[in-house]
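Welcome, and please take a look at the model below.

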Amino acid sequence: MTVTCLVPVFAIVWGGAFLGELPTFAMLGAGAVILLGTALATGLLDRRAPHAARRASRDT
């Protein structure tokens, strides 16, 4: 289901590559939010990772 969320990001890429469209800052910002949300939803980024790293460094 998360692949569907990436459609706007690919639309920006293909519009720039094939049609010569220039992305706006709003489009790039929205694309970044979509990529971050997708990474969090798929588990690519773990929200608990920084805390676990600090805890591991204290335990050693």
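Is T38 buried or exposed? At 11% relative accessibility, T38 counts as buried, where buried means under 20% relative accessible area, exposed over 50% and partly exposed in between, with a 1.4 Å probe and protein chains only. T38 sits in helix α3. Leaving aside neighbours within four places in sequence, T38 is in contact with T2, C5 and L6; contact here means heavy atoms within 4.5 Å.

A word on the ground rules: this is a predicted model, in which local features need pLDDT of at least 70 and side-chain atom pairs count only at pLDDT 80 or more, while totals for chains, interfaces and linings use all residues. Residues are numbered from 1 along each chain as its sequence is written, and side-chain values use heavy atoms, with hydrogens and water left out.

**Overall layout**

The protein chain has four helices and zero strands, and from the N terminus on its elements run α-α-α-α. Helices (H or I, at least four residues) and strands (E, at least two) are DSSP runs, numbered from the N terminus. Of the 60 residues in the protein chain, buried residues make up 10%.

**How α2 meets α3**

Two packed helices are described by the angle between their axes and the distance between the axes. Here, helix α2 (residues 7-18) and helix α3 (residues 25-42) pack at an angle of about 140°, with their axes 9 Å apart. The axes are lines fitted to C-alpha atoms, for helices over the stretch in contact, and angles run from 0 to 180 degrees between N-to-C directions. α2 and α3 are therefore oblique to each other, since angles under 35 degrees count as roughly parallel, over 145 as roughly antiparallel, 65 to 115 as roughly perpendicular and the rest as oblique.

Which residues make this contact? On the α2 side they are P8, V9 and I12, which meet M27, G31, I34 and L35 in α3. These residues divide into six nonpolar, one polar and no charged, with Ala, Val, Leu, Ile, Met, Phe, Trp, Tyr, Cys and Pro counted as nonpolar, Asp, Glu, Lys and Arg as charged, and the others, Gly among them, as polar.

**Residues around the helices**

T24 lies in the loop between α2 and α3. The backbone nitrogen of M27 lies 3.2 Å from a polar atom of the T24 side chain. T24 and I12 are 12 residues apart in sequence and 9.7 Å apart in space, C-alpha to C-alpha.

G15 belongs to helix α2. Apart from neighbours within four places in sequence, G15 is in contact with G20 and E21.

V3 is placed in helix α1 (residues 2-5). V3 and T42 are 39 residues apart in sequence, and 10.0 Å separates them in space, C-alpha to C-alpha.

| Residue | Relative accessible area | Class |
|---|---|---|
| T24 | T24: 41% | T24: partly exposed |
| G15 | G15: 6% | G15: buried |
| V3 | V3: 62% | V3: exposed |

Technical notes. A polar contact is a pair of N or O atoms within 3.5 Å; within protein, one must be able to donate a hydrogen and the other to accept it, and residues adjacent in sequence count only if both atoms are side-chain atoms.
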